[in-house]
Amino acid sequence: SSSSRHPNQVTPKKSGLKNGQMKSKDDECFGDDIDEIPDTDFDFEGNLALFDKAAVFEEIETYERRSGTRSRGTPNEKPARYRHDENILESEPIVYRRIVVPQNPHKEFCTDSGLVVPSVSYELHKKLLAVAEKHGLTLERRLEMTGVCASQMALSLLGGPNRLNPKNVHQRPTVALLCGPHVKGAQGISCGRHLSNHDVHVILFLPNFVKMLEPITNELNLFSKTQGQQVSSVKDLPDTPVDLVINCLDCHENAFLRDQPWYKAVVDWANQNRAPVLSIDPPISEMELGIDAKWSLALGLPLPLGERAGRVYLCDIGIPQKVFQEVGINYHSPFGCKFVIPLHST
């Protein structure tokens with residue numbers, strides 16, 4: 001009621017002990033007499049000369065050696081510089097063994113995730129494919145899977161979407177596909193068909209034979225429906241360097257083909273062309289390789305390939321897990337979400 005009677009009345013400010021306390025605190029902080037400050041300057045150089053820097057650092061190093069601790073930085077040590085893709089934590093990669101073969105592998109590989117992939121002998125690999133074919137994974141299915149995986153890898157090597165897109169038709173890549181008259185050659189023809197379907201200029205070399213294997217004949221019939229070019233003479237291969245050479249000349253069994261004149265001529269052409277080489281399922285023996293590869297694509301499980309095979313990649317050709325178990329291989333897929341993965345030598 002009082003406030004309503006006197007709306008403009010101002011409440012008087014109280015003065016008491018509280019204000020006196022604050023005043024005394026201000027005097028303690030800011031109330032010193034300026035005359036009491038000494039006129040002499042601080043001797044920085046003199047005090048710095050009293051500091052024995054070498055003795056202090058020696059004492060620190062002695063303490064670190066005894067306690068086993070590591071300092072964050074020493075006076076003479078330059079700070080380490082790391083790239084954006086380097087890990088600053090020093091740790092060894094984790095190793096997983098989820099694939100066990102019945103024989104001691106001659107060579108082991110490792111995936112990017114640390115999974116060990118052991119190599120298998122050619123005899124065990126051949127047995128694995130035979131058992132898979134008995135259960136319905138026919139040669140035609142394997143050829144198609146190999147052709148798809150090999151073409152995907154080749155498309156990536158050719159530049160992927162940066163090179164192969166509708167707005168870049170003037171840079172159409174050229175691939176020379178060298179195939180022999182065997183199943184390995186049929187795998188290459190399947191790869192060439194898929195590459196041609198993706199607007200890659202494919203030149204397929206296949207020597208003339210009186211009688212061809214049925215898988216090769218079937219693959220050639222499909223390849224002839226594409227825009228790819230088939231030649232049977234080395235003279236018809238390009239004189240200028242191509243973007244990629246896919247080598248399917250060599251096979252695991254018919255070693256006598258290396259003595260044929262057409263084989264030697266094609267090998268000379270590939271070595272003189274100086275284009276990077278991708279080999280599909282190359283043989284184990286390096287003596288059977290006429291052309292050094294930059295990359296090699298293994299099927300299912302790798303063979304113990306040598307240095308001339310280049311960097312090894314592995315592709316999934318659709319072999320079920322129980323087929324591996326039937327031939328004595330404890331198998332868990334190393335592919336994850338991909339069908340083609342790189343392998344590293346351990």
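**Cavities, pocket, strands and cores**

The largest cavity comes out at about 70 Å³. This is a predicted model, so local features need pLDDT of at least 70 and side-chain atom pairs count only at pLDDT 80 or more, whereas totals for chains, interfaces and linings use all residues. Residues are numbered from 1 along each chain as its sequence is written, and side-chain values use heavy atoms, with hydrogens and water left out.

Now for the empty space. Rolling a probe the size of a water molecule over the atoms shows where such space is left. A cavity here is a set of points, on a 1 Å grid over the protein atoms alone, where a 1.4 Å probe fits but cannot get out; a pocket is an open set with protein on both sides within 12 Å along at least five of seven lines; and lining residues have an atom within 4 Å of a point. Grid points are joined across faces, edges and corners, and a volume is the space filled by probe spheres set on the points.

On those terms, the structure holds 4 cavities of 30 Å³ or more. Lining the largest cavity are Val101, Gln103, Asn104, Pro105, His106, Ser119, Val120, Ser121 and Leu124. Sorted by class, that lining has 4 nonpolar, 5 polar and no charged residues, where Ala, Val, Leu, Ile, Met, Phe, Trp, Tyr, Cys and Pro count as nonpolar, Asp, Glu, Lys and Arg as charged, and the others, Gly among them, as polar. The second largest cavity holds about 50 Å³ of space. Its lining is made of 10 residues, and Leu249, Asp250, Cys251, Asn254 and Arg258 lie nearest its centre. Here the classes split into 5 nonpolar, 2 polar and 3 charged residues.

As for open space, the largest pocket has a volume of about 430 Å³. It is lined by 19 residues, with Tyr122, Arg142, Val183, Lys184 and Glu253 closest to its centre. The class count for this lining is 8 nonpolar, 5 polar and 6 charged. Helices α5 (122-134) and α7 (183-197) each put at least two residues into the lining, and α5 gives the largest share, with 6 residues. Helices (H or I, at least four residues) and strands (E, at least two) are DSSP runs, numbered from the N terminus.

Helix α7 also carries Arg193. Despite its charged side chain class, Arg193 is buried, with a relative accessible area of 10%; buried means under 20% relative accessible area, exposed over 50%, and partly exposed in between (1.4 Å probe, protein chains only). Leaving aside residues up to four places away in sequence, Arg193 touches Glu144, Glu219, Leu222, Phe223 and Thr226, with contact meaning heavy atoms within 4.5 Å. Asn165, by contrast, counts as partly exposed at 27% relative accessibility. Asn165 sits in the loop between α6 and β3 (174-179), and its C-alpha atom is 9.3 Å from that of Asp199, 34 residues apart along the chain.

Next come the strands, which pair if DSSP finds at least two bridges between them. Strand β7 (residues 277-280) runs parallel to β8, joined by 3 bridges, and Ile280 stands opposite Leu297 in β8. On to the next neighbour: β8 (residues 295-299) and β9 pair in the parallel sense over 5 bridges. Among the partners are Trp295 with Arg311 and Leu299 with Cys315. Since 5 of the 5 residues of β8 are buried, this strand is largely enclosed by the rest of the structure. Both of its faces are covered, with Trp295, Leu297 and Leu299 buried on one side and Ser296 and Ala298 on the other. β9 (residues 311-315) is mostly covered too, with 4 of its 5 residues buried. β9 also pairs with β10 (residues 340-342), this time in the antiparallel sense over 3 bridges, and Tyr313 has Pro342 as its bridge partner in β10.

Finally, the nonpolar cores, each a set of buried Ala, Val, Leu, Ile, Met, Phe, Trp, Tyr and Cys residues joined through side-chain atoms within 4.5 Å. The largest one has 61 residues, and those with the most contacts inside it are Ile189, Leu195, Leu244, Ile246, Leu301, Ile319 and Ile329. Helix α6 (residues 139-157) supplies the largest share of this core, 7 residues. Apart from it lies another core, of 20 residues, including Ala176, Leu249, Tyr263 and Val266. Back in the largest core, Ile319 touches Leu128, Leu129, Ala132, Leu137 and Phe324, not counting residues up to four places away in sequence.
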